[in-house]
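Please read the following briefing alongside the sequence and the structure, which are shown just below.

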Amino acid sequence: MKKLLLLSLAPFALIAGCETYSAEPKSDRVEDSAEVSSPQAMSLFGEPLYSAEPSEATLEKLQDAKQAYEQNPEDADKLIWYGRRTAYAGDYQAAIDIFSMGVEKHPEDARMLRHRGHRYISTRQFDKAIADLEKASVVMQNKPDEIEPDGLPNPQNIPLTSLYGNVRYHLGLAYYLKHDLENARRIYAEDFELAENDDGVVASGHWLYMILRRMERNAEAEAVLTKISEDMNIIENTYYHRATLFYKGELSYDEALPDDRSGVGTAGIVYGIANWHLYNGENEKAYALMNELVDGPSWAAFGYIAAESDLVKAGARK
């Protein structure tokens, strides 16, 4: 059981059974004892998933975001940051409640649906994620795109993603996790073509390549890799870059697969290489890597969730 306790900042309250959200997440998830004993999600294997204890710095930023929201609860930006900081602290269920308030208060703001959709993916609620992200796609129509500020800035402090791009990326992922490969391919193909920087190219290209290989559209998959090169300007997605270079044959297996495979950042490449084994007919190696991945602690990582989904479908969990 992956159980680590999450420190709280203060008791939260929501009137039970009421259709109108209050300013706070539900009280039964954060107790006066400063511990959360209930799981944040259930894995696709039916196991409870608990969040790790957040750092003091994370808690301080959450407290600041909470106070800023309370001072101006009608400000959409402050609500979004309150929800994002809550999720960064590991309380995904409370974050979903906050973004639900945002959907209610700001129904024409696609950001609320985008962020709630993301956390529905984290908590394995894929149908809800698809509904939110598809609706966000409609709400965004005929509106200008906008850069999304980073909550966890990269070393160069350069935001690399936009609202439209993040909606597409998460929607493609949600379809993929449902094994709806055609819809996932459609979304990631669009995201790949519209990527505005090298990080976006390797992130969407990584998923698009895997999807096309699974669909046995190998020539199209190889065409994706023609846009990948060793000298790309990668700021964040170094493991996706390594994975795509491995797919091209420009990195060896040992060079691509990290020795320490326990971190959130490595889940994508571990899953990618497991997938590579799968569509090359090496099922035993594929499922061994996937099982290793889901035995680790990084249950909110997208590669981890994808491995869960594949193992459940194949009945290959050990």
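R124 is buried, with a relative accessible area of 8%, where buried stands for under 20% relative accessible area and exposed for over 50%, with partly exposed in between (1.4 Å probe, protein chains only). This is a predicted model, in which local features need pLDDT of at least 70 and side-chain atom pairs count only at pLDDT 80 or more, while totals for chains, interfaces and linings use all residues. Residues are numbered from 1 along each chain as its sequence is written, and side-chain values use heavy atoms, with hydrogens and water left out.

**Positive phi in two loops**
- Most residues other than glycine have a negative phi.
- R124 has a positive phi near 65 degrees, and this residue is found in the loop between helix 4 (110-122) and helix 5 (126-140).
- E216, which is not a glycine either, has a positive phi of about 60 degrees, and E216 lies in the loop between helix 8 (198-214) and helix 9 (218-225).
- E216 counts as exposed, at 69% relative accessibility.

**The chain as a whole**
- The protein chain has 14 helices and 2 strands, which are DSSP runs numbered from the N terminus (helices: H or I, at least four residues; strands: E, at least two).
- Of the 318 residues in the protein chain, 52% are buried.
- Among contacts (heavy atoms within 4.5 Å) between residues at least 6 apart in sequence, 60% join residues at least 24 apart.

**A residue of helix 1**
- E56 is placed in helix 1 (residues 56-71), and E56 counts as exposed at 51% relative accessibility.
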